[in-house]
Amino acid sequence: MDYKKIISSMTLEEKASLCSGRDFWHTKAVKSQKIPEIMVSDGPHGLRKQPKSPDHLGTYESIKAVCFPAACATASSFDRSLLLKMGKAIGVECQSENIATILGPAVNIKRSPLCGRNFEYFSEDPLLATELAGSFIKGVQSKNVGTSIKHFTANNQETRRLTVSVKADERTMREIYLAAFEGAIRNAAPWTVMCSYNRINGLHASENKKYLTDILRDEWGYEGVVMSDWGAVNDRAKGLAAGLDLEMPGSYGINDREIIEAVQNGTLSEKVLDKTVERILRWIDKYESKKQKDVKWDKDADHELAGKIEEESAVLLKNEDGILPLDKNDTIAVIGKFAKAPRFQGGGSSHINSYKVTSFMDAAKGKGHDIIYADGYDPSKEEIDRTLIAKAVNAAKKSDVAVVFAGLPDIFESEGYDRQNMQMPESQNVLISEILKVQPNVVVVLHNGSPVEMPWEKDVKGIFEMYLGGQNVGLAEYELLFGKANPRGRLPETFPKKLEDNPSYLNFPGHMDSVDYAEGVFVGYRYYDSKNMEVLFPFGHGLSYTTFKYSNLKVSKRKIKDSDTLTVSVDVTNIGRMAGKEVVQIYVAPPQDGIPRPVHELKAFEKVSLRAGETKTVSFDLNSRAFAYWDKEIHDWYVAAGDYMIEAGSSSRDIKYTKKINIESTMKRIPTITENTCFGDLLGDPRLADTLKPLIKSYLHIEKEEKSKASVADTEKMYMEWLRYTPLRGVVNMGDGSFDHEKLAKVIQALQNKIS
Ligand code: BGC
């Protein structure tokens, strides 16, 4: 396709029309140029193709499809190859349904456990989120179907999501909220990016040139299409100028006219419009030119894959006295409606019309396993149902073990609104405590999209976190509980003891249209671990039915330059009797003598499969980014010189071995010296010593007099301490009179020259 030629023969009206959707799911065709329309669809964990009445609440019927585990679950797999596989399967489904682009993955950071949409997001950690999203994108796009990484950016709550303005500083945005997108965009090149609803520091994401063009395109080299979230456009012409290509779902031509007018009155350059049109044409052509016809997808195979993905993702949080795996010969009471009708997905635009659901009880039946069952609670009601509880207690009393299937009902978490608290329904908490009165062997199996408080955590023997595990969750539960499969998921987020412990607690969801990300980069474990705070379950935690031993942590060099790559390796041995998988996590602990930094951050991870008795060496390459922070003064990543600890462990709180390395910083970091620069910021630089001497002499002159009058111990050391936090202008107001502002300016210039 000769894009330039086509664009030159399109009318202004045709060009503008291509910049918004025809309806909820289609782009517009341009008949004169034989440009077809293409269809997009939600996403992200299955296909929600709505052939007829469209809406984004998932109210109207979409085609029968397969609901894979949601991102809260798949993130727990810590498994890139799994996300690739899932992406490929969804890619084939899209091919067969003629969907050009699936609206996902969703990578927004889990800032608070209360965000109603956390179930659709991966993690509180940007590295984990971006790596898994990148694999998913590669999987889908290997089938010549596009993805739309969303919601770009800082969309971390549902409350007032269309109007709220996020107040976050440059470093926080770079290290946390942008980083979740950056890796996936740079390495996996999604065909489209979906901008978010919210405002960032006052400006709508849909018209924010800094993010949509300066960072996304100019810095990260992104070449694809940027589309709006559904209804996120505020000012269409401004949005287009800022880098927003496609408005979805379209506004009946109203906003297209705004574009036309802006070009006609000269406020929008037609060249900018042409670039946007070219990007949209390339996207359509990319899909259309290699479109696969007559692709059939195998629903049953994908249903099976959904179960395998969940098996890889479920997290065993607690296993006291080896209560799990369960013994098939024991009498087991299964309690809780979620064992028969599991909650396996969240509400809103990602809601899949599952063609089939396998519950735990279905799976048990399929295996010919007859199990005692009691409802225990009604998920549609919050009130405590004493009759249901009595029946459940009775069943538990007669059994060797009680397994309670619990979690959050649909209404508790969904797109569109946030949770009110971190609690499970009272009806379920009371049920568990009543069962504990008659049965010491209790296992809780959770179905929820985000952390919950667990008042019964100390009293139950086993806890499985299934998250929202997709339509075949029941099979995964059966295989894991009875030890046919070995648990191998790890938490992609911290479970705090209580909501108040969360770093965003005082600033979530903000007031009216403003939310302050006051905790800065201290999100999730970056905060809990820096504060050494007790948590319910730490980031990266997850048990196995086997045991792993770490040994031989090695680093390629003990002393490196900031531009070098460090290779880290560690041996992991399965010392148990069952094959299993371990997630090896590498954290970097930076020096703490400069700007405030989290005590450590995840910088690499790998899931390894080990037979009983097997040892594998796992290695990782850490480049400068693993050691850097975003420096607000130089507006760039910066590696501070000093000692860093390399930590290898199986959770953020279970570090097995550490190795110290030293980094020499070669990057020029040139601060601007002003009258308000403190002496202390310059004293450590030997290049400045001579130039600073006369200033120091002048300042210390008066200080000495004052101090001797006050008969304070007259030591040089003490003067130098005082001097540290004195700005250079101190020599004018408090010196010996030998410097005025003009003279000081000359010295400042000399100092600046020495460091430049
Ligand atoms: C959601 C998007 C979704 C879109 C289309 C919006 O409300 O935020 O994630 O892709 O609707 O359904």
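Reader: Glad to look at this with you! Just after α9, which residue takes a positive phi?

Author: Happy to start there, and please keep in mind that this is a predicted model. Helix α9 spans residues 254-264. Just after α9, a positive phi of about 85° is taken by Gly266.

Reader: Staying with α9, why do its buried residues line one face of the helix?

Author: The buried residues of α9 are Asn255, Asp256, Ile259, Ile260, Ala262 and Val263. In an α-helix there are 3.6 residues a turn, so residues three or four places apart point the same way. Seen down the axis of α9, the buried residues line one face because they fall within an arc of 165°.

Reader: And what covers the buried residues of α9?

Author: The buried set to be covered includes Ile259 and Ile260. Among the elements that cover the buried residues of α9 are α2 (12-17), α8 (236-242) and α10 (270-289).

Reader: In the loop between α8 and α9, where Pro249 has its place, which residue does a cis peptide bond join to Pro249?

Author: Pro249 sits in the loop between α8 and α9. Omega is about 0° for the bond in question, a cis peptide bond. The residue joined to Pro249 by that bond is Met248.

Reader: How does Asn98 count: buried, exposed or partly exposed?

Author: Asn98 lies in the loop between α4 (80-97) and β3 (101-102). Phi of Asn98 is positive, near 60°. Its relative accessible area is 37%, between the cut-offs of 20% and 50%, so Asn98 counts as partly exposed.

Reader: How many nonpolar residues does the contact of α4 with α5 have?

Author: From α4 the contact includes Leu83, Leu84, Met86 and Ile90, and from α5 it includes Leu132, Phe136 and Val140. Gly87 and Gly91 of α4 take part too. By class there are 4 polar and 4 charged residues, and the number of nonpolar ones is 7.

Reader: Now to another helix pair: what is the handedness of the crossing of α13 and α14?

Author: Helix α13 spans residues 386-397 and helix α14 residues 426-438. Their axes come within 9 Å and cross at roughly 35°. The crossing is right-handed.

Reader: How many residues of the contact of α13 with α14 are charged?

Author: On α13 the contact is made by Arg386, Ile389, Ala392, Val393, Ala396 and Lys397. On α14 the contact includes Val430, Leu431, Glu434 and Ile435. The residues divide into 8 nonpolar, 1 polar and, as the charged number, 3.

Reader: Is Leu178 buried or exposed?

Author: Leu178 lies in helix α6 (residues 170-188). Leaving aside neighbours within four places in sequence, it is in contact with residues including Phe152, Tyr211, Ile215 and Trp220. Its relative accessibility is 1%, so Leu178 counts as buried.

Reader: How does Ile372 count at its relative accessibility?

Author: Ile372 lies in strand β13 (residues 372-374). Not counting residues up to four places away in sequence, Ile372 touches Thr331, Ile332, Ala333, Val334, Ala395 and Ser399. Its relative accessibility is 34%, so Ile372 counts as partly exposed.

Reader: Last one, on the domains: what separates the centres of domain 1 and domain 3?

Author: The chain is divided into domain 1 (3-288), domain 2 (300-530), domain 3 (548-664) and domain 4 (679-755). The contact of domain 1 with domain 3 takes 14 residues from domain 1 and 18 residues from domain 3. Taken over C-alpha atoms, the separation of their centres is 33 Å.

How values were computed: Residues are numbered from 1 along each chain as its sequence is written. This is a predicted model: local features need pLDDT of at least 70, side-chain atom pairs count only at pLDDT 80 or more; totals for chains, interfaces and linings use all residues. Side-chain values use heavy atoms; hydrogens and water are left out. Axes are lines fitted to C-alpha atoms, for helices over the stretch in contact, and angles run from 0 to 180 degrees between N-to-C directions. Helices (H or I, at least four residues) and strands (E, at least two) are DSSP runs, numbered from the N terminus. A crossing is left-handed if the near helix is turned anticlockwise from the far one by less than a right angle, and right-handed if clockwise. Contact means heavy atoms within 4.5 Å. Ala, Val, Leu, Ile, Met, Phe, Trp, Tyr, Cys and Pro count as nonpolar, Asp, Glu, Lys and Arg as charged, and the others, Gly among them, as polar. Buried means under 20% relative accessible area, exposed over 50%, partly exposed in between (1.4 Å probe, protein chains only). The arc is that of the directions from the helix axis to the C-beta atoms. Domain bounds come from an automatic or database domain assignment.
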